[in-house]
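This report is for a reader who has not seen this structure before. Please look over the sequence and the 3D view first.

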Amino acid sequence: MAALRLARRRRPPAAPSPAAPRREAAPIPPSPPRPAAAPDAAPAPRRAPPAAPPLPPAEAARVREEEEARKKEEYRRKKEAERLEREHRAQERAEAEARARAEAERAAAEAEEARRREEEEERRRAQAEAGKTLAAGLEKTRVGFMARLNALFSGGKLVDDAVLADLEEVLFTADIGVKTATRLLESARERVRRKEADADRLKEALREEIARILVLDGTAGATPAAAATARPWVIMVVGVNGSGKTTTVGKLAARLKASGQTVLLGAGDTFRAAAGEQLEIWAERVSAPVVRGKEGADPASVCFEAVQRGGQEGLDVVLCDTAGRLHTKTPLMEELKKVKRVIAKAAPGAPHEVLLVLDATNGQNAIAQARQFHEALGVTGIALTKLDGTAKGGVVIGICDELRIPVRYVGVGESVADLKPFVPGEFVEALFG
């Protein structure tokens, strides 16, 4: 192998074969260098289009006129638009002002109407709180008894026996009672005998005499002295059926509450279920507690419990309603005597007031009722109701004259305020007008 490699090394190289001569490529001539562009150089300007040929003078003038006309029209339209805009804004302002005025007028009218309604409501409330005037409550009595009396003394008549005879008829038919009518008539005759009375002076003398009867030495209408010291002040309210007794209890409770006193109601009329229910309604209305027993329960025990509770709770007034029984039924009058005795055991000195409720429409019969209740119970005050519904208001004069019992209250209507404290002077003034 070595010999073989040596022989190959010694072999001469082969002669090259003839070949076509190689052609040299022609050199590419270099392109000329581009000039470098300046960094901020502006682009070459475009060539402007060729100018239009000038218009003939006439045509140029026409074009100018059209342009001027166009500008004028644009200006006119602009000004017209501005004018319309101003008018529109002015109209809107005027409409807004008109709406504002109308709204203000409507609000003012509503405020005025509300004010009128409020004043009317206030007037109605004031009237309701004030109730009827005493003069309005005595209207029927005034146009009855007093109208006849005024007719008798009208026209400047001379007072003679004929006038006195007519006066006697008027007085004895006036529901003031025989005793009172006789007293007034004798007073008139005495003045005539002394020749001290013409028609006007005689009428004034009757007025003064009636005022003296009603005053009762200054005790009429006055609150009992016990009311100033007794706590609770116990009022036992009595009266016949239908006289307005339970309603008077409720109205009196409302008056006392309005004056700042604390009140408790005792439903002592246990024989009539409606009486207890009616008193509970009044108690709820005036926010006063009420003591009520079962139907048919002993009325004395109910009144006893009411007075005891009033003392324990330190209340000012206890109003005890009682059965409204007919004064002619002696056993029932005995029941009222028992109630009074039992009340006396519940509080010292109670009842401090025995208030008799009389219906003025009963006329002279009310005097008979008052006499029998007074004999049985020792009535200390009278509440005369329904004066507005009768011409027999003169019964007050007879009650004060015959029984010497002070009238505490008079009722001249349905509302609470229509239960009025009796003031003799006001009563006489309202009666005589």
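## The chain as a whole

The model is predicted. Its chain has 433 residues, of which 36% count as buried. The chain holds 14 helices and 8 strands.

Contacts between residues at least 6 apart in sequence were also sorted by separation: 77% of them join residues at least 24 apart.

## Helices α4 and α7

Helix α4 covers residues 139–153 and helix α7 covers residues 199–215; their axes come within 9 Å and cross at roughly 150°. Angles over 145 degrees count as roughly antiparallel, so α4 is roughly antiparallel to α7.

On the α4 side, the contact is made by Leu149, Asn150 and Phe153. On the α7 side, Ala199, Asp200, Leu202, Lys203 and Leu206 take part. Sorted by class, the residues in this contact are 5 nonpolar, 1 polar and 2 charged.

## Helix α14

Helix α14 spans residues 424–432. Its buried residues are Pro424, Phe427, Val428, Ala430, Leu431 and Phe432. These buried residues pack against α4 and α7, and also against α3 (134–137) and α13 (395–403).

## The largest pocket

By class, the lining has 7 polar, 4 charged and 1 nonpolar residues.

## Aspartate 269

Aspartate 269 sits in a loop, between strand β2 (263–267) and helix α9 (273–286). Is aspartate 269 buried or exposed? Buried means under 20% relative accessible area, and aspartate 269 counts as buried because its relative accessibility is 5%.

Leaving aside residues up to four places away in sequence, aspartate 269 touches Lys245, Ala275 and Gly276, as well as Asp321, Thr322, Ala323 and Gly324.

Notes: Residues numbered from 1 in each chain as written. Predicted model: local features only at pLDDT ≥ 70, side-chain atom pairs only at ≥ 80, totals over all residues. Heavy atoms only, no water. Helix = DSSP H or I, 4+ residues; strand = E, 2+ residues; numbered from the N terminus. Buried < 20%, exposed > 50% of the residue type's maximum accessible area, 1.4 Å probe, protein only. Contact = heavy atoms within 4.5 Å. Axes fitted to C-alpha atoms, helices over the stretch in contact; angles between N-to-C directions. Parallel < 35°, antiparallel > 145°, perpendicular 65-115°, else oblique. Nonpolar A, V, L, I, M, F, W, Y, C, P; charged D, E, K, R; others polar.
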